There are 4 protein chains.
Amino acid sequence: MLSQEMISSHPDAPSEPVEAIVLLLDEAATCAQTCLACADACLAEDAVPALTHCIRLNNDCADVCETLTRLLSRILGPNTGVQRGMIELCAMTCEQCADECDRHAAHHLHCRLCAETCRRCAEQCRITLQTFI
Amino acid sequence: MLSQEMISSHPDAPSEPVEAIVLLLDEAATCAQTCLACADACLAEDAVPALTHCIRLNNDCADVCETLTRLLSRILGPNTGVQRGMIELCAMTCEQCADECDRHAAHHLHCRLCAETCRRCAEQCRITLQTFI
Amino acid sequence: MLSQEMISSHPDAPSEPVEAIVLLLDEAATCAQTCLACADACLAEDAVPALTHCIRLNNDCADVCETLTRLLSRILGPNTGVQRGMIELCAMTCEQCADECDRHAAHHLHCRLCAETCRRCAEQCRITLQTFI
Amino acid sequence: MLSQEMISSHPDAPSEPVEAIVLLLDEAATCAQTCLACADACLAEDAVPALTHCIRLNNDCADVCETLTRLLSRILGPNTGVQRGMIELCAMTCEQCADECDRHAAHHLHCRLCAETCRRCAEQCRITLQTFI
C-alpha cells in the first residue's frame with residue numbers, strides 16, 4: 001500500500017507498526033470524496049428541499065476528513081495533541097453525517113453509500129484513537 | 001464588513017449579533033494565509049534545518065484555520081458540536097504554532113508576525129467559544 | 001497590510017513592488033469566503049431548486065480561489081507557470097460564478113454581494129496577470 | 001469501485017462510461033496524499049537545504065490535486081471549461097513535481113515513489129482530457 005510505503009520511507013518513521021493510521025488516512029480520503037459526491041448528487045435530486053441539511057453536513061464532513069488526511073500525513077516531530085483532537089472531531093462529524101444520510105438511504109443510493117462510508121471512517125477513528133500514543 | 005453582510009443576508013441569520021463569529025472568520029482566514037507565508041519564508045532561510053518543526057506547525061495551523069473558516073461559513077441548521085470542537089482545536093493549534101514561532105521571532109520577522117497573528121486568532125477562538133450557543 | 005509585510009520579510013522577496021499579487025491574495029481569500037457563505041445561504045432559501053447551479057458554481061469558485069491563495073503564498077523558487085495558469089483559471093471561474101449569481105441578484109442580497117465580489121476578484125486576476133513575470 | 005458507484009447513483013450521471021474521470025479522481029487523491037507525505041519526509045532529511053524546492057513543489061502539487069478531486073466530484077450542470085482548465089493545470093503541476101522529485105530519487109525512496117505517483121497522475125490527466133467532452 002502506497003500510504004504505508006510513504007510512511008516507512010520517512011526518516012522519522014515509527015518503529016512499531018502504524019497500520020491504524022494508514023487505514024485511517026485511506027478511509028478519511030475516501031470519505032471526503034464520497035461526501036462531496038453525495039452533496040452534489042443531493043443537489044441534483046428533485047427532493048433537494050428535503051436534503052439541504054444533508055448537503056450541509058456532507059460538506060462539513062468532507063472538509064474535516066480532508067484536513068484529517070493533511071494532519072496525519074505529517075509525522076515530523078510531535079504534534080499528537082492536535083492530531084488526537086482532529087481524529088475525535090472527525091469521528092463526531094462522520095457520525096452526524098451518517099445519521100443524516102441514513103434518513104434518506106431508502107430513497108437515494110448515494111446517501112446509503114455515503115452513510116456506510118462515514119460509519120466506516122468514524123469506526124476507524126475510534127480504533128486509531130485507542131492505538132494512538 | 002462583507003462577512004457581516006453575508007451572514008445578515010442569510011435566511012437563517014441569527015437575530016442576536018454574531019460579531020464574535022464574524023471576527024473569528026476574519027482572524028482565521030488571515031492566520032491561515034500568514035502561516036502559509038511563514039512556512040514558505042522559513043523554507044527559504046539559510047537556517048532551514050532549525051526551522052523544520054516551525055514549518056510543520058505552520059502547515060498544520062494553516063489547514064486547521066482554513067477548515068474553521070469553511071465550517072463557520074455554514075449556518076444552515078444546527079451543527080454546533082462540530083463547530084465548537086473545531087474552534088477549540090483551532091485555539092490549541094494556533095497556540096502551539098505561536099509558541100514555536102516565538103522561539104524564532106528574534107531572528108526572523110516572518111516568525112514574529114506569524115506568532116502575533118496566531119495569538120490573536122487563538123484569543124478570538126476563546127472569546128467566540130464563550131458567546132457560542 | 002499583513003500580506004505585504006509577510007512577503008517583504010521573505011528571504012526571496014522580490015525587489016520590485018508586488019502590490020498586484022498582494023491585492024489578489026486578499027481578493028481571492030475574500031471571494032472564497034463569500035462564495036461559501038452564498039452557497040449556504042442559497043441552500044437555506046425556499047427557492048433552492050432554482051439555485052442549485054448557483055450553489056455548485058459557488059463551491060467550485062471557493063475551491064479555486066482558496067487554492068490560488070495557497071499557491072500565491074509560496075514565492076520560494078520559480079513556479080510561475082503553475083501560478084499563471086491558476087490565476088487564469090481563477091478569473092474564468094469567478095466570471096462564471098458572477099454571471100450565475102447575477103441572475104439571482106434581484107431576489108437575493110447574498111447573490112448580489114457574491115457577484116460583486118467575484119467580479120472584483122476576476123478583475124484583479126486580469127490586472128495581476130499583466131504584471132506577472 | 002466506490003467512486004464509480006457514487007457517480008452512477010447521481011441523478012445527472014452520464015449515460016456513457018466515465019471510467020477516465022473515475023480513474024483520475026482516484027489518482028489525484030492518491031497524488032495529493034503522496035505529495036504531502038513526501039514534503040514532510042523531505043523536511044525530516046538531514047539534506048533538507050537541498051530539498052526546499054522539492055518541498056515547495058510537493059505542496060503546490062498537493063493543493064492542485066486536491067482541488068481537482070473537489071471539482072471532478074461535482075457533475076451537476078455543465079462546468080466543463082473550469083474542469084478542463086484544472087485538469088490541464090494538474091498535468092503541468094504533476095510533471096514539474098515529478099521532475100524535481102526525480103532529481104532526488106536515487107537518495108530518497110519517498111521522492112522516487114512520489115515522482116512515480118505524479119507521473120501516473122499527469123498521464124491520467126492527459127488521457128482524461130482526450131475523452132473529455
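Reply: A salt bridge is counted here when a side-chain nitrogen of Lys or Arg lies within 4 Å of a carboxyl oxygen of Asp or Glu. By that rule, 4 salt bridges join chain A and chain D. One pair that meets the rule is D63(A) with R70(D), whose closest N and O atoms are 2.6 Å apart.

As for the parts of the chain involved, α1, α2 (19-44), α3 and α5 (109-131) of chain A each give two or more residues to the side that touches chain D. The largest share of that side comes from α2(A), with 13 residues. By residue type, the side of chain A that touches chain D divides into 16 nonpolar, 9 polar and 10 charged residues. In total, 35 residues of chain A are in contact with 35 residues of chain D. The area buried between chain A and chain D is about 2900 Å², and carbon and sulfur atoms give 62% of it.

These coordinates belong to a predicted model, with scores of ipTM 0.94 and pTM 0.96. For chain A the mean pLDDT is 94, and 98% of its residues reach 70 or more. Among the elements of chain A, helix α3 (residues 52-72) has the highest mean pLDDT, 97, while helix α1 (residues 2-8) has the lowest, 89. Where pLDDT is low, predicted coordinates should not be read in detail.

Along its principal axes, the C-alpha trace of chain A spans about 50 × 25 × 20 Å.

Now the interface of chain B and chain D. Here 9 residues of chain B are in contact with 9 residues of chain D. Together the two chains bury about 680 Å², 71% of it on carbon and sulfur atoms. Of the area that chain B buries against chain D, 53% is supplied by L43(B), V48(B) and T52(B), more than by any other three residues. On the side of chain B that touches chain D, α2 (19-44) and α3 (52-72) of chain B each supply at least two residues. The most comes from α3(B), with 5 residues. The residues of this side divide into 4 nonpolar, 2 polar and 3 charged.

Salt bridges also occur elsewhere, and the structure holds 48 of them over all chains. One within a chain is formed by E116(C) and R112(C), the closest N and O atoms being 3.0 Å apart. These two residues are 4 residues apart in helix α5 (residues 109-131) of chain C, so about one helical turn separates E116(C) from R112(C).

Key
Residues are numbered from 1 along each chain as its sequence is written. Chains are lettered from A and ligands numbered from 1 in the order in which they are written. This is a predicted model: local features need pLDDT of at least 70, side-chain atom pairs count only at pLDDT 80 or more; totals for chains, interfaces and linings use all residues. Side-chain values use heavy atoms; hydrogens and water are left out. Contact means heavy atoms within 4.5 Å. Buried area is the accessible area (1.4 Å probe) that two parts lose on being put together, summed over both. Ala, Val, Leu, Ile, Met, Phe, Trp, Tyr, Cys and Pro count as nonpolar, Asp, Glu, Lys and Arg as charged, and the others, Gly among them, as polar. pLDDT is the predictor's confidence in each residue, from 0 to 100.
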